Amino acid sequence: MLDLLRDLWGFARERKKFWLVPLIGTLLILSALIAIAEFSTVAPFIYTLF
């Protein structure tokens, strides 16, 4: 997972596509929320956010 993030950061830095960084951050946060909602008792509280 860290290798993928390093590769994406290297791509964004080399090609000057820094607009990808917030997009990747948002996707990581949403995927973490989905993973937490799937396996915990916090799920009803996370579902109310959406």
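Guide: Of the 50 residues of the protein, 10% count as buried, where buried means under 20% relative accessible area, exposed over 50%, and partly exposed in between (1.4 Å probe, protein chains only). This is a predicted model, in which local features need a pLDDT of at least 70 and side-chain atom pairs count only at pLDDT 80 or more, while totals for chains, interfaces and linings use all residues. Residues are numbered from 1 along each chain as its sequence is written, and side-chain values use heavy atoms, with hydrogens and water left out.

The accessible surface of the protein is about 4,400 Å², and 72% of that belongs to carbon and sulfur atoms; such areas come from the Shrake-Rupley method with a 1.4 Å probe, and for residues only the protein chains shown count as cover. The protein has three helices and zero strands, helices (H or I, at least four residues) and strands (E, at least two) being DSSP runs numbered from the N terminus. Its radius of gyration is 14 Å, well over the 10 Å that the globule rule gives for 50 residues, so the protein is more spread out than a compact globule. That radius is taken over C-alpha atoms, and the rule is 2.2 Å times the number of residues to the power 0.38. Along the principal axes, the C-alpha atoms fill a box of roughly 40 × 20 × 5 Å.

pLDDT is the predictor's confidence in each residue, from 0 to 100, and the protein averages 81. The 14 residues of α1 reach 20 Å from first C-alpha to last, close to the 20 Å expected; the expected span is 1.5 Å times one less than the number of residues.

Two salt bridges are found in the structure, each a side-chain nitrogen of Lys or Arg within 4 Å of a carboxyl oxygen of Asp or Glu. One joins Arg-6 to Asp-3, with the closest N and O atoms 3.4 Å apart. These residues are three apart in α1, about one helical turn. Arg-6 is exposed at 56% relative accessibility, as is Asp-3 at 53%. The other pairs Glu-14 with Arg-15 at 3.1 Å, N to O. Glu-14 is exposed at 61%, while Arg-15 is partly exposed at 47%.

Just after α1 comes Lys-16, with a positive phi of about 60°, although Lys-16 is not a glycine. Lys-16 lies in the loop between α1 and α2 (20–39) and is exposed, with a relative accessible area of 63%.
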